[in-house]
Amino acid sequence: MSLFAIYTYAFDVFDISPILVIASPTARCGKTRAEDLMEAVVERPLRASNATAATIFRAVEAYKPTLLLDEYDTYIKNNEDLRGILNCGHTRTAAYVLRNVRVKDDFQTRRFSAWCPKILAGIGKLPPTLQDRAIVVRMKRKQAHERVE
């Protein structure tokens with residue numbers, strides 16, 4: 001996680017951008033707390049617990065953020081448009097989506113960037129295409145007999 005935080009300050013010199021995934025088997029394992037910490041140290045954090053595909057590519061284009069998307073288990077698995085945008089941001093050369101945008105009384109095709117560092121947090125595994133592009137930090141709940149210093 002420390003290396004990924006540093007990476008967010010220099011990601012633009014790389015050609016591939018892995019996704020940092022903070023995953024756990026159940027709730028209350030520390031995912032949101034880990035995201036709180038990452039938000040405090042990454043470059044240009046933009047955090048959400050739900051987002052649409054259109055919001056993501058427009059936000060990336062406008063802010064060039066480090067995306068922190070919490071609760072992925074509730075909205076990514078059944079959202080092919082969003083998964084496609086998160087997937088295309090894996091390589092610099094393919095990190096674009098095309099959309100038609102209104103310009104006065106007509107529409108023009110515009111290219112939007114999806115190139116930015118991404119941190120996803122949630123319960124369970126991601127869909128295979130995202131999981132394959134991920135560095136996964138597996139969280140687990142502290143057992144009652146375990147002590148923390």
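Predicted model: local features only at pLDDT ≥ 70, side-chain atom pairs only at ≥ 80, totals over all residues.
Residues are numbered from 1 along each chain as its sequence is written, and side-chain values use heavy atoms, with hydrogens and water left out.

Let me begin with the cores, where a nonpolar core is a set of buried Ala, Val, Leu, Ile, Met, Phe, Trp, Tyr and Cys residues joined through side-chain atoms within 4.5 Å, and buried means under 20% relative accessible area with a 1.4 Å probe, protein chains only. The largest nonpolar core has 25 residues, and Ile-56, Ile-76 and Leu-120 are those with the most contacts inside it. Apart from that core lies another, of 16 residues, including Leu-20, Met-38, Ala-121 and Met-139.

Leu-120 itself, if we set aside residues up to four places away in sequence, touches Ile-19, Leu-20, Val-21, Ile-22, Leu-69, Tyr-72, Ile-76 and Leu-126, contact here being heavy atoms within 4.5 Å.

Turning to Leu-82, this residue is buried, with a relative accessible area of 0%. Beyond its neighbours within four places in sequence, Leu-82 is in contact with Ala-51, Thr-52, Ala-53, Ile-56, Tyr-75 and Ile-76; Leu-82 and Ala-51 are 31 residues apart in sequence, yet 8.4 Å apart in space, C-alpha to C-alpha.

Finally, the search of the whole structure finds zero disulfides, a disulfide being a pair of cysteine sulfur atoms within 2.5 Å. For Cys-88, the nearest cysteine sulfur is that of Cys-116, 9.8 Å away. Cys-88 counts as buried at 16% relative accessibility, and Cys-116 is buried at 1%.

Technical notes:
Buried < 20%, exposed > 50% of the residue type's maximum accessible area, 1.4 Å probe, protein only.
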